[in-house]
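Thanks for asking me to look this one over. Here are my notes, in numbered points, to read alongside the coordinates.

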Amino acid sequence: MLALPDRSGWLGWLAERGEAQLVETSRLVDDLKAEPPADARAVLRIWNEAQTALGNAASMASLISEVHPEPEVRERAEKLVQDAQKLDTDLGLDTQLYAVLADLDASGLDPDATRVLERTLRDFRRSGVDRDEATRARLRELSEQAILLSQEFSKNIREDVRSIRVRPEQLVGMPQDWIEAHPVGDDGLVTVTTDYPDVIPFRTFAHDAAARRELVTRFLTIAWPANDAVLQQLFAVRREHAALLGYATWADYDAEVKMIRTGGAIEQFIDRITALSGERAERDKAVLLERLRQDRPDATDIDTADVTYYAELVRKEQHAVDAQLVRTYFPFEAVRQGLLDVTGRLFGLEWQAVARAEARTWHEDVATYDVTRDGERIGRIHLDLHPRDGKYKHAAQFDLVRGVRGVQLPEGVLVCNFARGLMEHDEVVTLFHEFGHLVHHVLGGEQEWVRFSGVATEWDFVEAPSQMLEEWAWDAAVLAAFAHDAAGETIPADLVAAMREAQDFGKGYDARTQMFYAALSYDVHIHQTPNLTARLRELMARYSVFPYIEDTHMQCAFGHLDGYGSAYYTYMWSLVIAKDLFSAFDRTDLFDPEVARRYRDRVLAQGGRRDAADLVADFLGRPYTFDAYAAWLAE
Ligand SMILES: [Zn+2]
């Protein structure tokens, strides 16, 4: 296991270990270029070592930059992230290194090594290493510009917090603890901002329709107009990048290494989901509109300034789910232990707590466990689940060490922000989801080649194992194993059934909203779009079931236009596969370990050794289909 430093030693340890790994990477590459072994496998082994060292520096740096309690350690880690990225870009454009790998005689290689070589050469070609010098120089420039534009795009979103000022009586409907945290100012008004902890409860609970509309409108204009120009530049950089490498569009370039393969297939997928979800979307929208008319009899349509509020009312009035009651069954400690028990039973794993003195992590909140299978230790996990200053604000799994057989065991980290007391059921679902990534990282971490270690499958498959594991957090028998209130009473099965019903409401129009986002992310990457807002309006009319709100520009704060690029469809794509994977399980006994073990061995444990479609087909005994997803939509 990776030996972490004592409390005071982080800064020096990080710098030294990070530096050493980067130096080791360069040394291995230099040796490879100077005197490449004659044997193809031996060359790949050295390349594997270099990639392992570079990955070790990058993983550690990226984790520590997000979680360490001391700002100077986080800053040092950020620097290390940049150094590792720069070295990675340099290697990708290193013509001499490419020549060594491209000249190998692959005829004697086994299937795994052959795949490593193919994937490696593909990575090099996608970096542009085989282009002329001027093209390579331009590609490097474009990469640098893209990084700067992406940082500017995020910064404009992060720093543009907007707000409204309301009278105290306009807060009717808001939870009491929220009202207490928002005192009235000297002028008698209360400030409500566009940050999530304000805007989410306000659009869900505030009775005052005009105030809701005002806040939602501000929320949908964050980073306007600054980011409109940034996006135009970013799309232009991507267009040129794809064109230089000989692709018709950025979407084609990006899709090539995903399950979906081509840009055109993205369009087909979006249209297919749009058609599948249409009836359900209209039905649920009609329920919302009917409920709205009880308050506003002349309403003819409903838009997103009202959707969240009326969806919550429908769930409460028509499905009788009281979120305040639900949370009493989910005290944090019991949920964490329950999650370990459930997944241990399913996947045949044991989680053995490691004492803090031995684990020596970055913070006392972190719980560390060694993972054993059939008595053999196969990895280590760290659960860092509560908020603190300067820590990453969302929920995600981070790699600490990627497993390489005989060299290093996998170590993974969950970074979340849950309360220490009672959890919302949504948070329990999130915990199961993120744990799905962690289990994938550990079980997929027994690989000879680091290229295939852990969550190393195509990017549009990555969410499927996690989306599937969410199902266990919605199952009455699974929850009964750990969800008890303070009096020791188990969560009633009929309450879980009501929760599921309430959750099902709105999934059709949610799918259509997702397809609107996916269409936007795809469309702006295949056409030059002079007016982004005008195009957004057209796409919203075609894909979403809710109308556009005048004078809004949501593209400017749609962060995924940067991170996902043309591939926002991936979340829904993974969900289609997750529903199909889940169809192999016996819904009346989710604890049945037989199917789970097969899934463990044929999908998770394979890492990136085979294409995701082949892993899925191997598990299901047939290629994946849309049937399970369609059935779920109709349920
Ligand atoms: Zn996820």
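This is a predicted model: local features need pLDDT of at least 70, side-chain atom pairs count only at pLDDT 80 or more; totals for chains, interfaces and linings use all residues.

1. How are H1 and H2 arranged relative to each other? Their axes lie 9 Å apart and pack at an angle of about 160°. Angles over 145 degrees count as roughly antiparallel, so that is the label for H1 and H2. The crossing of these two helices is left-handed.

2. A second pair worth a look is helix H15 (residues 332–347) with helix H17 (residues 425–443), whose axes come within 11 Å and cross at roughly 45°. H15 and H17 are therefore oblique to each other, and H15 passes H17 in a right-handed crossing.

3. For the residues behind that crossing, H15 contributes Val-335, Leu-339, Thr-343 and Phe-347, while H17 contributes Val-428, Leu-431, Phe-432, Phe-435 and Val-439. The contact of H15 with H17 has eight nonpolar residues, one polar and no charged ones.

4. Now to a strand. Is E6 (residues 396–401) largely enclosed or open? Five of its six residues are buried, so E6 is largely enclosed by the rest of the structure. E6 runs antiparallel to strand E7 (residues 411–415), and five bridges join the two.

5. Pro-225 sits in the loop between helix H9 (209–219) and helix H10 (226–244).

6. Two backbone phi values also deserve a glance. Ala-320 is not a glycine, yet has a positive phi of about 50°; this residue lies in the loop between helix H13 (304–319) and helix H14 (323–326). Ala-320 counts as exposed because it has 11 C-beta neighbours inside 10 Å.

7. Asp-551, likewise not a glycine, has a positive phi of about 60°. Its place is the loop between helix H22 (532–543) and helix H23 (560–563). With 10 other C-beta atoms within 10 Å, Asp-551 is exposed.

Key: Residues are numbered from 1 along each chain as its sequence is written. Axes are lines fitted to C-alpha atoms, for helices over the stretch in contact, and angles run from 0 to 180 degrees between N-to-C directions. Helices (H or I, at least four residues) and strands (E, at least two) are DSSP runs, numbered from the N terminus. Angles under 35 degrees count as roughly parallel, over 145 as roughly antiparallel, 65 to 115 as roughly perpendicular and the rest as oblique. A crossing is left-handed if the near helix is turned anticlockwise from the far one by less than a right angle, and right-handed if clockwise. Two residues are in contact if their C-beta atoms, placed from the backbone, lie within 7 Å. Ala, Val, Leu, Ile, Met, Phe, Trp, Tyr, Cys and Pro count as nonpolar, Asp, Glu, Lys and Arg as charged, and the others, Gly among them, as polar. A residue is buried if 20 or more other C-beta atoms lie within 10 Å of its own, exposed if 12 or fewer, and partly exposed in between; C-beta atoms are placed from the backbone. Two strands pair if DSSP finds at least two bridges between them.
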